[in-house]
Amino acid sequence: MDDLKFGTRNKRGDWAPGARLEVAPYWDRPFNLLKVVRWIPEYLFPWNAFHMATALLWWFFVVPDVEAMKTLGWGWALWLYSVNATAIFVFYGTFEVIYYVRRKQATRFKYNARFPADHPSDVFWFKSQNLDNFLRSFFVTIPLWTAVEVFMLWVFANGWATWLSWADHPVYLAALVLVSPMIHEVHFFFIHRLIHWGPLYRWIHSVHHNSINPSPWSSLSMHPVEGLLYHAVALWHLVIPSNPIVAIFQLHIAGFGAVNGHLGFEKLEVTDESALDSHAYAHYLHHKYFEVNYGGDGLIPLDRWFGTWHDGTREGDAMMDARFQKKKERVNARASRTAAP
Ligand SMILES: [Zn+2]
Ligand SMILES: [Zn+2]
């Protein structure tokens, strides 16, 4: 596909989309019903439908019997870990092999023309972004994801959370499935905003931000505190009346869905004519500029409400620069106050 029909490429070879990032269309004023209806398939397919499919697979074929889950045990915890790790290895690995190893799409639709593997850096374990990100994902974050999962299933199995059945509450549970990606965004926005606070950033979140040019393995490359907070989104389903399948769906939006923000490509070409939208740009801009787009795709446009939304345009740049300028002035004013006799 000709990516220049959809955007522009600068002198360094970095590609940027021509269209501005938009928040979910139900926030548009005046309200445009047609636009919302047209957006629904894109909301469901393929990503959220995929997370639901894996949640069902897990519930029916991976998760042990309720009776067995009433007791915490290493046996079923390690089983869940091995399935989660294998699934992520295959799922993320597919993107890694196609787009970063074989480079089937070269740099078409690629935001940053460089490939991390070509640029060793001291900030990473063994100077390798790939190896560092891979090890952190499989030996830190996925074990923590599994720990959240085990805890959540153990609480459900023991009847300590409100477990609604599909037969009795089909409408409520279906609605909960539809808002789960929004719960994810709100949860992620606030924990993410928190770990961008200076001391916490240096202690925790800088690990994830070492990857300025993220690739699939960067998705779950996190400090343990972040890995736990991030997947703890599923624990909201112990607080609100829910069902374990919806809770696993919520967990998979976090675990599997993390790759979306870190693909590095705007579109994944399927045929010469068609391509899949990655939904990666908002989070790519976050990795590039740090203090913008803390949330996700704008299902709940918290970034817009808090003034940190960057829509990828020049106006977005200008708004960000104005904010940085103000921040600098505040810091300087504080410094001169403390320096005064
Ligand atoms: Zn990220
Ligand atoms: Zn961040």
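**Notebook: cavity, pockets, helices and zinc site**

Entry 1. I first sorted by class the residues that line the largest cavity, and I counted five nonpolar, three polar and two charged ones. For this count, Ala, Val, Leu, Ile, Met, Phe, Trp, Tyr, Cys and Pro are nonpolar, Asp, Glu, Lys and Arg are charged, and the others, Gly among them, are polar. The model is predicted, so local features need pLDDT of at least 70 and side-chain atom pairs pLDDT 80 or more, while totals for chains, interfaces and linings use all residues. Residues are numbered from 1 along each chain as its sequence is written, chains are lettered from A and ligands numbered from 1 in the order written, and side-chain values use heavy atoms, without hydrogens and water.

I searched the whole structure and found one cavity of 30 Å³ or more. The volume of the largest cavity is about 40 Å³. Its lining consists of E185, F189, G295, G296, G298, I300, P301, L302, D303 and W309. Two or more of these lining residues come from each of α6 (170–194) and α12 (302–305). Helices (H or I, at least four residues) and strands (E, at least two) are DSSP runs, numbered from the N terminus.

On a 1 Å grid over the protein atoms alone, a cavity is a set of points where a 1.4 Å probe fits but cannot get out; a pocket is an open set with protein on both sides within 12 Å along at least five of seven lines; lining residues have an atom within 4 Å of a point. Points are joined across faces, edges and corners, and a volume is the space filled by probe spheres set on them.

**Entry 2. The largest pocket.** I noted a volume of about 1300 Å³ for the largest pocket. Its lining has 48 residues, and those nearest its centre are L21, E42, H279, A280 and D297. I then listed the elements that give two or more residues to this lining: β2 (15–17), α1 (33–44), α2 (47–62), α6, α8 (224–231) and α11. Which of them gives the most to the lining? I found that it is α1, with five residues. By class, the lining of the largest pocket divides into 23 nonpolar, 14 polar and 11 charged residues.

**Entry 3. The second largest pocket.** The second largest pocket has a volume of about 440 Å³. I recorded 20 lining residues, with A16, Y281, K288, G312 and D317 closest to the centre. At least two lining residues come from each of β1 (7–9), β2, α11 and α13 (314–339). Helix α11 supplies the largest share of this lining, five residues. The lining of the second largest pocket comprises eight nonpolar, six polar and six charged residues.

**Entry 4. The zinc site.** I looked up what holds the zinc ion (ligand 2). It is coordinated through the NE2 atoms of H192, H196, H205, H209 and H286, at 2.0 to 2.1 Å. Donors are N, O and S atoms within 2.8 Å of the metal (3.2 Å for Na, K and Ca); water is not among the atoms, so sites may look incomplete. Along the sequence these donor residues follow the spacing H-x3-H-x8-H-x3-H-x76-H. Distant parts of the chain are linked by the pair H209, in helix α7 (residues 198–209), and H286, in helix α11 (residues 281–289), which are 77 residues apart. I found H209 and H286 both buried (buried: under 20% relative accessible area; exposed: over 50%; partly exposed: in between; 1.4 Å probe, protein chains only).

**Entry 5. Helix α5.** I followed helix α5 over its 29 residues, 129–157. From first C-alpha to last, α5 reaches 40 Å, close to the 42 Å expected at 1.5 Å a residue. The expected span is 1.5 Å times one less than the number of residues. At S137, α5 bends by about 40 degrees (the angle between axes fitted to the seven residues ending there and the seven starting there). I counted 21 of the 29 residues of α5 as buried, so this helix is largely enclosed by the rest of the structure. Just after α5, G159 takes a positive phi of about 75 degrees.

Entry 6. Helix α10 (residues 244–255) has 12 residues and reaches 16 Å between its first and last C-alpha, close to the expected 16 Å. I found 12 of the 12 residues of α10 buried, so it is largely enclosed by the rest of the structure. Among these buried residues are P244, F249, Q250 and H252.

In the loop between α10 and β3 (267–269) I located F256. Is F256 buried or exposed? F256 is buried, with a relative accessible area of 2%. Its C-alpha atom is separated by 9.3 Å from that of T54, 202 residues apart along the chain.

**Entry 7. R38.** I placed R38 in helix α1. R38 is exposed, at 60% relative accessible area. The C-alpha atoms of R38 and V140 are separated by 40 Å, and the two residues lie 102 residues apart along the chain.
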